[in-house]
Amino acid sequence: MDLGAAGLTQQPFPTHGKPSAIITYGAERAAREVLENTYESPTGLSLIQAPALSGKSTLIRSFIESLHEDCAVAVVDGKGLNTTNLLISILRQFGFNLDQSSNNELLGLVRVFTQQQAGSHEPPLLIVENTHELNPSALRTLCELAELRVRLGSALKIVLVSDRSLRPIIQAPAMKCLERRVIHDFHLRPLTPEEARGYLHDKLRAAGSDYPEYVFPDAVCSELRKASGGWPGILDRLALLALARAESLPVTLENVERPAVPTGTWDEDELALAERDFAISPDAPQLIVTSDGSVIGDLKMEQPRLILGRSEHNDIAINSRFISRHHALLVRHGSSTFLMDLNSTNGTFVNSRRISNHVLVHDDVITIGNHKIKFKDPDARTRGSLDGSEFADTAIMKTLDDMRSLLARENTELLPAASEDLPTIQT
């Protein structure tokens with residue numbers, strides 16, 4: 001079928017180059033958080049494993065594009081690389097033009113560059129794809145790179161990516177220097193049936209379709225998900241083939257190809273370990289507190305209300321003279337998060353604009369005093385307004401109750417403790 005006949009202005013499921021749209025889903029958000037956490041950790045080294053066409057390359061490309069342009073990043077395909085080729089590939093992506101050099105000279109260049117970067121800015125990030133296909137000599141060199149250090153941590157952040165489990169490699173006796181740095185052993189999971197339906201419809205919508213539910217009815221979405229195993233790259237290809245096969249709309253079940261699909265990269269023990277070590281609630285927004293560009297706090301908003309301020313009795317306590325004792329309130333209402341200033345002296349700002357109350361969306365930056373709090377909730381994409389005219393009043397009343405409890409607790413702690421030296425009334 002011609003794309004125009006389906007109401008499309010561009011290819012919704014390109015199999016090469018940049019995707020027409022980046023669609024987020026549970027496992028993708030979890031993997032992105034692994035990458036962000038690895039980059040922010042002083043000794044970050046993580047493993048990301050998933051079969052071919054699972055969305056790893058799209059995930060990595062999207063993450064790199066989100067980093068500051070000053071960040072030094074090298075993405076290396078490890079397939080068949082020996083020590084020399086590995087080091088040359090890394091250095092070229094860090095901007096070096098190389099003549100003939102020995103391995104020791106190449107390693108020395110990497111050492112000097114990473115340590116200078118780590119000392120003056122941020123440690124560079126190395127991403128190695130197809131890690132399982134590195135030559136043994138390159139794996140030994142990877143260990144040497146993992147041991148490069150600066151005063152505050154490692155000189156090089158590392159993400160190892162593979163189409164299969166990396167555990168046998170990491171647990172080898174010669175790889176101990178890698179194993180002890182691993183902070184996440186992550187296995188990317190496929191799309192759920194509901195996520196696959198949203199993924200297909202969102203891509204059709206981004207390509208110009210006004211009625212994606214008509215192009216791919218729910219039954220066809222379910223069949224495409226089953227035929228692809230839920231892996232995004234395979235889902236794209238099968239959806240593209242189904243559109244090409246269809247003579248008219250809607251696409252039917254007969255248009256869906258059913259190939260053999262790969263399984264996940266985990267076994268049951270690894271799955272349990274991954275879920276234990278990195279459990280992410282997709283419903284809980286993340287709050288990243290920074291001061292002068294350094295992360296000083298990172299927490300999930302697991303409870304319905306949080307009070308921010310200078311007092312240690314707040315849910316988020318920030319000891320700064322520019323922050324009021326009880327400065328601002330965060331409230332969860334359904335899938336929305338509401339921010340309210342509590343008549344603070346210096347005000348509360350969102351994206352540099354002063355607010356009294358505000359509905360937050362993903363990547364909003366809250367400023368109180370000299371501190372910033374980045375709000376991360378990929379499900380919060382529309383600012384809109386909170387339903388229910390009584391919501392603000394309810395939030396205020398609950399806040400007043402919380403404030404009374406806080407003040408009573410603070411005042412109680414300011415009272416002198418009972419002592420035998422205190423005067424008593426004689427009767």
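These legends describe close-up views of a predicted model.

Residues are numbered from 1 along each chain as its sequence is written. Local features need pLDDT of at least 70, side-chain atom pairs count only at pLDDT 80 or more, totals for chains, interfaces and linings use all residues, and side-chain values use heavy atoms, with hydrogens and water left out.

View 1. Helices (H or I, at least four residues) and strands (E, at least two) are DSSP runs, numbered from the N terminus. Of the 427 residues in the chain, 47% are buried. Buried means under 20% relative accessible area, exposed over 50%, and partly exposed in between (1.4 Å probe, protein chains only). The accessible surface is about 21800 Å². Carbon and sulfur atoms account for 48% of that surface. Areas come from the Shrake-Rupley method with a 1.4 Å probe; for residues, only the protein chains shown count as cover. Among contacts between residues at least 6 apart in sequence, 64% join residues at least 24 apart. A contact means heavy atoms within 4.5 Å.

**View 2. The largest nonpolar core has 48 residues.** Such a core is a set of buried Ala, Val, Leu, Ile, Met, Phe, Trp, Tyr and Cys residues joined through side-chain atoms within 4.5 Å. Leu125, Leu200, Phe216, Leu224, Leu243 and Val251 touch the most other members. Two or more residues each come from helix 1 (26–40), helix 2 (56–66), strand 3 (125–129), strand 6 (157–162), helix 8 (193–206), helix 10 (218–228) and helix 11 (232–245).

**View 3. What does Leu243 touch?** Residues up to four places away in sequence are not counted. Its contacts are Met1, Ala6, Leu8, Pro12, Phe13, Leu204, Val215, Phe216 and Val251.

**View 4. The second largest pocket has a volume of about 710 Å³.** On a 1 Å grid over the protein atoms alone, a cavity is a set of points where a 1.4 Å probe fits but cannot get out, and a pocket is an open set with protein on both sides within 12 Å along at least five of seven lines. Lining residues have an atom within 4 Å of a point. Grid points are joined across faces, edges and corners, and a volume is the space filled by probe spheres set on the points. The lining counts 34 residues. Leu53, Gly55, Lys56, Ser57 and Thr58 lie nearest the centre. Helix 2, strand 6, helix 8 and helix 11 each give two or more residues. Helix 2 gives the most, with six.

**View 5. Leu53 sits in the loop between strand 1 (45–49) and helix 2.** Its phi is positive, about 65°, although the residue is not a glycine. Most residues other than glycine have a negative phi, and most peptide bonds are trans. Leu53 is partly exposed, at 38% relative accessible area.

**View 6. A cis peptide bond runs from Leu249 to Pro250.** Omega is near 0°. Pro250 is found in the loop between helix 11 and helix 12 (268–277).

**View 7. Strand 8 (residues 286–291) and strand 9 (residues 294–300) form a hairpin.** Two strands pair if DSSP finds at least two bridges between them. Here six bridges join the antiparallel strands. Ser291 stands opposite Ser294 in strand 9. Two residues lie between the strands. Asp292, in the turn, has a positive phi near 55°. At 74% relative accessibility, Asp292 is exposed.

**View 8. Strand 18 (residues 371–376) pairs with strand 8 and with strand 17 (residues 364–368).** Both pairings are antiparallel. Strand 8 meets strand 18 over six bridges. The bridge partner of Ile288 is Lys374. Strand 17 meets strand 18 over five bridges. Ile368 stands opposite His371. Strand 17 and strand 18 form a hairpin with two residues between them, and Gly369 takes a positive phi near 60°.

**View 9. Five strands form an open sheet in the order 11-10-12-13-16.** The pairing is mixed. Strand 11 (316–317) and strand 16 (357–359) stand at the edges, each with a single partner strand, so one side of each lacks a neighbour in the sheet. Strand 12 (residues 328–333) and strand 13 (residues 336–341) run antiparallel and share six bridges. Val331 stands opposite Phe338 in strand 13.
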